[in-house]
Amino acid sequence: MSSNCIFCKIVSGEIPSGKVYEDEDLVVFHDIHPAAPVHLLMVPREHFENLDVAEARHERLLGKMQLLAPRLAREQGATNGYRVVTNNGPDGGQEVYHLHVHVLGGPRPWKRL
Ligand code: AMP
Ligand code: ZN
């Protein structure tokens, strides 16, 4: 847990979220400013900044999120396609420095991305 990290606070339950899935490795909730009709954030329970600092031991977690995305996208109503996105660093548009995966879908047009 990183003390000033908003996603750590969501993972711990200190800050509420619209949670749609959780297991021993990760929590998934609705993005507070959705950029598409379906916009989920998949957030590992472990705090690490982004892919720059990911290690070999994160391989299973990163793969798990990719494989979970289609199921959650479909369950949330994105039945005609979706995007799976991780922003890394300033030029990658990363705002929250706790690694997360965006799952975006639903009928276009979308606001951004
Ligand atoms: P990124 O730019 O990839 O770091 O994305 C961070 C995302 O977190 C943005 O899309 C924000 O809308 C979202 N976000 C920030 N605070 C919250 C929150 N409290 N609950 C849900 N989503 C949030
Ligand atoms: Zn964190």
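Visitor: Which elements each supply at least two residues of the lining of the largest pocket?
Guide: In this predicted model, they are H1, S2 and strand S3, which runs over 38-44.

Visitor: And which one has the largest share of that lining?
Guide: H1 does, with three residues.

Visitor: How much space lies in the largest pocket?
Guide: About 520 Å³. The pocket is lined by 23 residues, and the closest to its centre are Phe7, Asp31, Ile32, Leu41 and Glu95.

Visitor: What does the lining look like by class?
Guide: Ten residues are nonpolar, ten are polar and three are charged.

Visitor: OK, ligand 1 next. Where does it sit?
Guide: Ligand 1 sits in that largest pocket. Two elements give two or more residues to the shell around the ligand: helix H1 (6-12) and strand S2 (26-30).

Visitor: Which of them gives the most to the shell?
Guide: H1 again, with three residues. H1 also has the largest share of the pocket lining.

Visitor: How many residues are around ligand 1, and which come nearest?
Guide: There are 16, and the nearest are Asp31, Glu95, Val96, His100 and His102. Asp31 and Glu95 were also named among the residues closest to the pocket centre.

Visitor: How does the shell divide by class?
Guide: Seven of its residues are nonpolar, seven are polar and two are charged.

Visitor: Take Asp31. What lies 2.5 Å from its polar side-chain atom?
Guide: An oxygen atom of ligand 1.

Visitor: What about His100: how far is its side chain from a ligand oxygen?
Guide: An N or O atom in the His100 side chain is 2.7 Å from an oxygen atom of ligand 1.

Visitor: And Val96, is it the backbone or the side chain that has an atom 2.8 Å from the ligand?
Guide: The backbone. One of the N or O atoms there lies 2.8 Å from an oxygen atom of ligand 1.

Visitor: How much of the ligand does the protein bury?
Guide: The protein buries 89% of the 510 Å² that ligand 1 exposes when taken alone.

Visitor: Changing topic. What is the peptide bond from Arg108 to Pro109, cis or trans?
Guide: That bond is cis, with omega near 10°. Most peptide bonds are trans.

Methods: Residues numbered from 1 in each chain as written. Chains lettered and ligands numbered in written order. Predicted model: local features only at pLDDT ≥ 70, side-chain atom pairs only at ≥ 80, totals over all residues. Heavy atoms only, no water. Near = heavy atom within 4 Å. Polar contact = N/O pair within 3.5 Å; in protein donor to acceptor, adjacent residues only side chain to side chain. Areas by Shrake-Rupley, 256 points an atom, 1.4 Å probe, with all protein chains shown as cover. 1 Å grid on protein atoms, 1.4 Å probe; cavity = no way out; pocket = protein on both sides within 12 Å on 5 of 7 lines; lining within 4 Å. Sits in = over half its atoms within 2 Å of the grid points. Helix = DSSP H or I, 4+ residues; strand = E, 2+ residues; numbered from the N terminus. Nonpolar A, V, L, I, M, F, W, Y, C, P; charged D, E, K, R; others polar. Points joined across faces, edges and corners; volume = space filled by probe spheres on them.
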